[in-house]
Amino acid sequence: MSQLHGKTTFIGGGAMGEAIIGSLISNQLLSPTQICVSEPVPARRELLNDTYGVTIETDNARAVNGASVVVLAVKPQVLDLVMADLGGNLSHDALVVSIMAGVRIETLQSGLGHDKIVRSMPNTPAQVGKGMTVWTDTAAVSDADRAAAQAILEAMGEAIYVADEHYLDMATGLSGSGPGFVYLLLEALVDAGVHIGFSRDQSQQMVLQTVAGSVELMRQSGLHPADLRNRVTSPAGTTAAGTLVLERAGVRSALIDAVDTAYRRSKELGGDDSDT
């Protein structure tokens with residue numbers, strides 16, 4: 001990742017904003033003196049200043065003064081107030097990077113009176129640097145801006161650029177909502193371990209390591225999950241018996257339906273009724 005230059009301002013210093021700030025500093029992409037955070041909660045301001053040594057502000061308009069990059073890391077519910085503060089106060093060349101769920105580029109352009117916009121869809125594992133972010137941008141974003149955006153978003157984990165905004169609704173259904181589906185599966189596996197006789201702590205340790213190890217094996221081997229599943233499924237064995245139960249219960253189709261439903265709900269929330 002390339003070194004970032006100039007001042008970067010974060011509007012919002014919550015968990016996701018802090019995750020990016022901490023990673024940018026630890027990876028030496030930005031120094032604390034290059035980062036300004038506008039945050040309304042006193043306890044968060046104190047924590048960010050004490051932990052990272054960044055500049056703290058309470059006035060959004062003052063915070064973005066001279067910023068080459070502005071990261072919008074607030075709840076969508078307060079966006080109108082934020083846009084009212086920032087409209088007319090952004091530098092003409094400033095790159096605006098939004099990590100807000102469901103807020104469309106057109107809304108940001110109109111509310112901010114600004115065209116250089118990156119919209120992204122991160123997920124909650126970004127808080128520990130293991131996130132998956134899908135992002136896109138407007139035609140006004142230059143190659144240099146795009147590289148800066150990629151560097152910032154990769155601070156949360158992995159980042160994929162897509163050419164059209166409608167892919168972000170798809171990302172919401174798959175990677176955005178995905179952790180919720182994964183946690184439901186983990187919860188069920190832990191409960192299964194307790195059901196057959198392990199303590200809850202033992203069961204949770206076994207499930208977490210089993211899942212983490214399975215993911216890492218797939219990453220390192222590069223094999224399709226079906227190939228890996230076949231390798232652990234002996235004829236008439238325990239895995240074959242358990243997998244048959246899952247297939248009969250429709251687990252595979254239920255997961256596909258869950259992602260599809262989350263995707264379509266994302267489109268509804270964003271006001272997109274098309275069938276794209």
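Two strands count as paired if DSSP finds at least two bridges between them, and strands (E, at least two residues) and helices (H or I, at least four) are DSSP runs numbered from the N terminus. Keep in mind that this is a predicted model: local features need pLDDT of at least 70, side-chain atom pairs count only at pLDDT 80 or more, and totals for chains, interfaces and linings use all residues. Residues are numbered from 1 along each chain as its sequence is written, and side-chain values use heavy atoms, leaving out hydrogens and water.

Start with the sheet. Select its 8 strands and you'll see an open sheet with mixed pairing, in the order β3-β2-β1-β4-β5-β6-β7-β8. From one strand to the next, the twist averages 25° (axes are lines fitted to C-alpha atoms, for helices over the stretch in contact, and angles run from 0 to 180 degrees between N-to-C directions).

Next, zoom in on β4 (residues 67-72) and β5 (residues 95-98), which pair in the parallel sense over 4 bridges. Click L72 and look across to β5: its bridge partner there is S98.

Last stop: helices α4 (residues 79-86) and α5 (residues 105-112). Their axes come within 8 Å and cross at roughly 40°. Show L79, M83 and L86 of α4 with T107, L108, G111 and L112 of α5 to see the contact (heavy atoms within 4.5 Å).
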